[in-house]
Amino acid sequence: MIGVRVNYRLAPSASWPAGATDVAAALSWVHGNIDLFNGDAREIVAVGYGAGAFHVATLLAHPELQTDRADVAGVVLVSGIYRVGKDASDNEKAYLGSDATQYDKRSVFPGILNVDVPIVLAWAADDSTRLVAQGETLKKTLCGAGHCPRGTILRSRDGIAAAFGLDGSGDSLAEPTLLLVHQLEARGLP
C-alpha cells in the first residue's frame, strides 16, 4: 500500500465547501502522480478522520463538488460528524456558517445514499455520544438504502496510527480495510 497524507484549509478562513474541494484537489493530484510511486489510480481509497471524514463524505455526497480524476474506489470514514443541527459547535458553525437553515443542504444526506463505492465506517469507543450517534445514524441510513458499510468500533481515538493498528494496539481498521480491498478486487480491479 502507498499512503498519501493530505490536509485541508481550516475554518474560519475557509468555509464550506472548502474542505471537500481540497479533498477533490488532493485526489486529482494523487490520480495524476500515483504512478510515480508504482500505485494504481483505480485503487485509491480515501480515508477521512474526524473533520476529514466529513470532508470526504461531503465530496462523495455532493457531485457538484467533484472534479475530474477525484474519484475513489472506496472510502474509510472515522469519527465524523455527517449532519449538524441547532446543536452545532462553534467550530462547525465557523465552517458551515451561522445560518442553520443551510446545514441540511451542506450535510452528507441524502447524497451519500447515491454513493456506489464501498464504505468502511468507524468510530472509537471513547468518542463522544454525539460522534457515536452520528456514525450509527449514517450506518443505519446507508443500510436502509441497501448500501450497508463495513464497520468497526476502535478501542480509542488516539490518532490515525492507532486507527490502523500501526501502534500495535490491536483493534483497528486494518481488517475492515483489507476486506474492502478484497471487495474491490472482486469487482474486477487488479
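Axes here are lines fitted to C-alpha atoms, for helices over the stretch in contact, and the angle between two of them is taken between N-to-C directions on a scale from 0 to 180 degrees. The model described is a predicted one.

**Helices α1 and α2**

Two packed helices are described by the angle between their axes and the distance between the axes. Helix α1 covers residues 18-33 and helix α2 covers residues 51-61; they pack at about 80°, and their axes lie 8 Å apart. Because angles of 65 to 115 degrees count as roughly perpendicular, α1 is roughly perpendicular to α2. On the α1 side the contact is made by G19, A20, V23, A24 and L27, and on the α2 side by H55, V56, T58 and L59. Sorted by class, the residues of this contact are six nonpolar and three polar, with no charged residue. An α-helix has 3.6 residues a turn, so residues three or four places apart point the same way.

How many of the residues of α2 are buried? Ten of the eleven are, so α2 is largely enclosed by the rest of the structure. The buried residues are G52, A53, F54, H55, V56, A57, T58, L59, L60 and A61. Helix α1 is among the elements that cover them, and the cover also includes strand β1 (45-49), strand β2, helix α3 and helix α4 (103-106).

**Overall composition**

The protein has seven helices and four strands. Read from the N terminus, their order is α-β-α-β-α-α-β-α-β-α-α. The protein has 190 residues, and 44% of them count as buried. Among contacts with a separation of 6 or more, 75% are between residues 24 or more positions apart.

**Backbone features**

R69 is not a glycine, yet its phi is about 60°. R69 sits in the loop between α2 and β2 and counts as partly exposed, with 46% relative accessibility. S79, also a residue other than glycine, has phi near 50°. S79 belongs to the loop between β2 (74-78) and α3 (90-96). At 2% relative accessibility S79 counts as buried, since buried means under 20% relative accessible area. The side chain of S79 is joined to that of D127 by a polar contact of 2.6 Å.

| Residue | Relative accessibility | Class |
|---|---|---|
| S79 | 2% | buried |
| C143 | 28% | partly exposed |
| K139 | 31% | partly exposed |
| R69 | 46% | partly exposed |

A disulfide is a covalent bond between the sulfur atoms of two cysteines. The structure holds one disulfide. Which cysteines form the disulfide, and how far apart are their sulfur atoms? C143 and C148 form it, with the sulfur atoms 1.8 Å apart. The link of C143 and C148 is right-handed, with 55° about the S-S bond. C143 counts as partly exposed, at 28% relative accessibility.

K139 lies in helix α5, which covers residues 129-144. Is K139 buried or partly exposed? K139 has a relative accessible area of 31%, so this residue is partly exposed. Neighbours within four places in sequence aside, K139 is in contact with L121 and P149. K139 and R150 are separated by eleven residues in sequence, and the C-alpha to C-alpha distance of K139 and R150 is 8.7 Å.

Methods:
Residues are numbered from 1 along each chain as its sequence is written. This is a predicted model: local features need pLDDT of at least 70, side-chain atom pairs count only at pLDDT 80 or more; totals for chains, interfaces and linings use all residues. Side-chain values use heavy atoms; hydrogens and water are left out. Helices (H or I, at least four residues) and strands (E, at least two) are DSSP runs, numbered from the N terminus. Angles under 35 degrees count as roughly parallel, over 145 as roughly antiparallel, 65 to 115 as roughly perpendicular and the rest as oblique. Contact means heavy atoms within 4.5 Å. Ala, Val, Leu, Ile, Met, Phe, Trp, Tyr, Cys and Pro count as nonpolar, Asp, Glu, Lys and Arg as charged, and the others, Gly among them, as polar. Buried means under 20% relative accessible area, exposed over 50%, partly exposed in between (1.4 Å probe, protein chains only). A polar contact is a pair of N or O atoms within 3.5 Å; within protein, one must be able to donate a hydrogen and the other to accept it, and residues adjacent in sequence count only if both atoms are side-chain atoms. A disulfide is a pair of cysteine sulfur atoms within 2.5 Å.
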